[in-house]
Amino acid sequence: MLEGNRVSRISVRGFAVASATAVTTVGAVVGVASGSTQGSTEAVEPTAADATLLADISAGNQTQAQTASLTQQADAQSSQADAAAKKAAEEAARKQAAKDAAAKKAEAEKKAAEAKAAKEREAAEKASRSEDRDVLSSVAQQASYTVAQVQNIARQMVPADQFQCFSSIVNHESSWNYKASNPSSGAYGLVQALPGSKMASAGADWQTNPATQIKWGLNYMNERYGSPCGAWDFWQANNWY
C-alpha cells in the first residue's frame, strides 16, 4: 500500500515535470519563430517548479497548523479568564475581610460601651443607695410629719431636675399625705403603692415613715419609666402610672 502511494506521488511529480517540459518546448519553438529564445525559457521554468511545490503541500498539515493556532488562542483566552476570575475572587475576599473586621470592631465597641454603661449605672445605684441611707438616717423618727416636712425630705432624696415631676404625681395621688389610703383598691402612702405592702422592700417602717415611701416611689419610677418625669408623662396620658 505504501509503495503504491509512493508511485502515485512520483507519477504526479513526473506529470508535472513532463508538463513543464512540454510547455518549455512549445515556448522554445515560439521563441525561435519570434527570434527570442532566452526570455521564453526563463518565464516557463519557474512555473514548472511552482507546480511541483504545490503538489508537495499536504492538506492535512494545513489543517493541523490551523487547529494548533486556534488551540493557542483558546489557551491564551482561558488563561486571561482564569487570571481575571482569580483577581475578582481576591478583591471580593479583601472586601469581605474588611467588612468582617469593621463589624467585629463595631461589636467590640458596642460591648465596651454597654459594659461601661453598666458600671456607671451600678456606681450610680450604689451612690444613690448610700445617699438614701444617709437621708433616711438623718430623718428623725416622728409620730407625724407635716406636708412641708415631707416635701423637704423629698427634696433631699429626689434629683433637683426631677423633683417637680415627682411632686406633680404625689400631689395627684395623695396630696402629700403619707398615710393616705384607698379602701377600695388597697393603695397606700404618698405614691399610692398597690398594694401598700410593696413598700416593705424599702423599709419595714413603710406605713409611718415618709422617707421610706419616697425611696420606694423614686425607685419604682426610675425602674418602670426611666425617671419621675417619664412617669409623669405617662400619668398625664393615662391618669395613672
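Student: Let's begin at the start of H6: which residue has a side-chain oxygen that reaches the backbone nitrogen of Ala211?

Tutor: A word on the basis: this is a predicted model, where local features need pLDDT of at least 70 and side-chain atom pairs count only at pLDDT 80 or more, while totals for chains, interfaces and linings use all residues. Residues are numbered from 1 along each chain as its sequence is written, and side-chain values use heavy atoms, with hydrogens and water left out. Helices here are DSSP runs (H or I, at least four residues), as are strands (E, at least two), numbered from the N terminus. At the start of H6, the oxygen that comes to within 2.9 Å of the Ala211 nitrogen belongs to Asn209.

Student: Is Asn209 buried or exposed?

Tutor: Asn209 sits in the loop between H5 and H6. Not counting residues up to four places away in sequence, Asn209 touches Gln141 and Tyr145, a contact being heavy atoms within 4.5 Å. Buried means under 20% relative accessible area, exposed over 50%, and partly exposed in between (1.4 Å probe, protein chains only). With a relative accessible area of 2%, Asn209 is therefore buried.

Student: How many of the 16 residues of H6 are buried?

Tutor: Those that are buried in H6 include Pro210, Ile214, Trp216, Leu218 and Tyr225. H6 is largely enclosed by the rest of the structure, because the number of its residues that are buried is 12.

Student: Which residues does Ala202 contact, leaving aside its neighbours within four places in sequence?

Tutor: Ala202 lies in the loop between H5 and H6 and counts as buried at 15% relative accessibility. Its C-alpha atom is 9.2 Å from that of Asn219, 17 residues apart along the chain. Leaving aside those sequence neighbours, Ala202 is in contact with Thr212, Lys215 and Trp216.

Student: What is the handedness of the link of Cys165 and Cys229?

Tutor: Both Cys165 and Cys229 are buried. The angle about the S-S bond is 85 degrees, and the link is right-handed.

Student: Which residue is joined to Leu194 by a cis peptide bond?

Tutor: Most residues other than glycine have a negative phi, and most peptide bonds are trans. Omega is about -10 degrees for the cis bond that joins Leu194 and Pro195.

Student: Trp176 and Asn239 have positive phi too; what is the relative accessibility of Asn239?

Tutor: Trp176, in the loop between H5 and H6, has phi of about 65 degrees and is buried, with a relative accessible area of 3%. Asn239 lies in the segment after H7, and its phi is near 65 degrees. Asn239 counts as exposed, its relative accessibility being 57%.

Student: What is the mean pLDDT of the chain?

Tutor: pLDDT is the predictor's confidence in each residue, from 0 to 100. In this chain 67% of the residues reach 70 or more, and the mean pLDDT is 78. Over residues 1–46 the pLDDT is below 50, and this stretch has 17 contacts in the model beyond near neighbours in sequence. The chain mean asked for is 78.

Technical notes: Polar contact = N/O pair within 3.5 Å; in protein donor to acceptor, adjacent residues only side chain to side chain. Disulfide = S-S within 2.5 Å.
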